[in-house]
Amino acid sequence: MDLRPFMERWHMLPPSGGVMLVAVSGGRDSVCLLHYLAAMPRDFSVAAAHLDHGQRPTAGRDVAFVEELCRELDVPFTLLESEIHHIIFDVRREKNPCSLCAKLRRGALSTAMNEHGIRKIALGHHYDDAVETMLMSLIFEGRLGCFQPVTYLSRTDVTQIRPLLYVKERQVVNAAKRLELPIAENPCP
């Protein structure tokens, strides 16, 4: 799968000499995206960040394999620790935690990016994620909406990009198997 034409069409690539941060959860979508971006011919740098929100009982193992993958791909790695899980489940006791969790994760990543002067972040959302988001928006909010391939967040001066948006989940699954990529299971409730 060649993502470059899609990325060029949507102006996803950072300027020459710029940096693109890949948010790597450890799941197959973000791991495949990191692998692709690290291997593609480019004139910008790729860096990776893993946000440990305190949810996974095996978080240390997940971080270790993401860090090792980054070392193999020659991609700088940053571990961001947070109290997101504690805030959502222990302090606020959220019954529907997804929206707040997404906002807190986005905020933690944006803060780290601003501290390092990085303006673009690549997220591993694919086509099936977009369809699911659209349906959830329709069912739970009564409106038809979804995320865009490129989203500029003016309050943080960060641009989120989704290079896998036209890639179906099955393609990502097949790529992860073919490349024998290490994958962490999502423990999200």
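Visitor: How should I read the way helix H2 and helix H7 cross, and at what angle do their axes meet?

Guide: Two packed helices are described by the angle between their axes and the distance between the axes. Here the axes of helix H2 (residues 28-39) and helix H7 (residues 169-179) come within 10 Å and cross at roughly 65 degrees, the axes being lines fitted to C-alpha atoms over the stretch in contact, with angles from 0 to 180 degrees between N-to-C directions. H2 and H7 are therefore roughly perpendicular to each other (under 35 degrees is roughly parallel, over 145 roughly antiparallel, 65 to 115 roughly perpendicular, the rest oblique). On the H2 side the contact (heavy atoms within 4.5 Å) is made by Arg 28, Asp 29, Cys 32 and His 35, and on the H7 side by Glu 169, Val 172, Val 173, Ala 175, Ala 176 and Leu 179. Those residues divide into six nonpolar, one polar and three charged (Ala, Val, Leu, Ile, Met, Phe, Trp, Tyr, Cys and Pro count as nonpolar, Asp, Glu, Lys and Arg as charged, the others, Gly among them, as polar).

Visitor: What kind of model is this, and how are its residues numbered?

Guide: This is a predicted model, in which local features need pLDDT of at least 70 and side-chain atom pairs count only at pLDDT 80 or more, while totals for chains, interfaces and linings use all residues. Residues are numbered from 1 along each chain as its sequence is written, and side-chain values use heavy atoms, with hydrogens and water left out.

Visitor: How are H4 and H5 oriented to each other, and which residues meet there?

Guide: The axes of helix H4 (residues 84-91) and helix H5 (residues 98-116) also come within 10 Å, crossing at roughly 155 degrees, and H4 and H5 are therefore roughly antiparallel. Ile 84, Ile 87 and Ile 88 of H4 meet Leu 100, Cys 101, Leu 104 and Arg 105 of H5. This contact holds six nonpolar residues, no polar ones and one charged.

Visitor: Where is Phe 77 found, and what does Phe 77 contact beyond its sequence neighbours?

Guide: Phe 77 is found in strand S3 (residues 77-81); helices (H or I, at least four residues) and strands (E, at least two) are DSSP runs numbered from the N terminus. Leaving aside neighbours within four places in sequence, Phe 77 contacts Ala 48, His 50, Val 63, Val 66, Glu 67 and Cys 70. Val 66 lies eleven residues away along the chain, with 8.4 Å between its C-alpha atom and that of Phe 77.
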